[in-house]
Amino acid sequence: MKAKELRDMTNEELNAKLKSLKQELFNLRFSHATGQLTNPMQLNKCKKDIAKVNTILTERAIKNKGNA
């Protein structure tokens with residue numbers, strides 16, 4: 001997922017995306033623990049996507065705080 005795509009989303013959409021990514025990470029960890037995960041790099045990709053969403057949400061919170 002590209003940061004530009006995420007920046008075009010609203011805060012509500014980003015929060016929903018974050019929730020779905022965390023659920024996906026849980027499922028990937030579970031699959032990895034049971035030995036059913038075929039591509040372990042999916043874990044890293046999912047973690048990075050979560051970090052991107054959190055970064056954009058934090059940037060917006062700081063920006064809004066500065067404008068208020």
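**Terms and their grounds**

Reply: Leu-14 touches Leu-6, Met-9, Val-53, Ile-56, Leu-57 and Arg-60, leaving aside residues up to four places away in sequence; contact means heavy atoms within 4.5 Å. This is a predicted model, in which local features need pLDDT of at least 70, side-chain atom pairs count only at pLDDT 80 or more, and totals for chains, interfaces and linings use all residues. Residues are numbered from 1 along each chain as its sequence is written, and side-chain values use heavy atoms, with hydrogens and water left out.

Me: Why is Leu-14 called buried?

Reply: Buried means under 20% relative accessible area, exposed means over 50%, and partly exposed lies in between (1.4 Å probe, protein chains only). Leu-14 has a relative accessible area of 0%, and therefore it is buried. Leu-14 is found in helix 2, where a helix is a DSSP run (H or I) of at least four residues, numbered from the N terminus.

Me: What makes Asp-49 buried or exposed?

Reply: The relative accessible area of Asp-49 is 8%, so Asp-49 is buried. Asp-49 lies in helix 3 and touches Met-1 and Leu-21, not counting residues up to four places away in sequence.

Me: Why does Ala-61 count as partly exposed?

Reply: Ala-61 has a relative accessibility of 46%, and so counts as partly exposed. The place of Ala-61 is also in helix 3.

Me: Why is helix 2 called roughly antiparallel to helix 3?

Reply: The axes of helix 2 (residues 11–34) and helix 3 (residues 41–67) come within 9 Å and cross at roughly 155 degrees. Therefore helix 2 is roughly antiparallel to helix 3. Angles over 145 degrees count as roughly antiparallel, under 35 as roughly parallel, 65 to 115 as roughly perpendicular and the rest as oblique. The axes are lines fitted to C-alpha atoms, for helices over the stretch in contact, and angles run from 0 to 180 degrees between N-to-C directions.

Me: Which residues touch the most other members of the largest nonpolar core?

Reply: Of its 13 residues, these are Leu-14, Cys-46, Ile-50 and Val-53. A nonpolar core is a set of buried Ala, Val, Leu, Ile, Met, Phe, Trp, Tyr and Cys residues joined through side-chain atoms within 4.5 Å. The largest share of this core, 6 residues, comes from helix 3. Cys-46 touches Leu-21, Glu-24, Leu-25 and Leu-28, not counting residues up to four places away in sequence.

Note on methods: Helix = DSSP H or I, 4+ residues; strand = E, 2+ residues; numbered from the N terminus.
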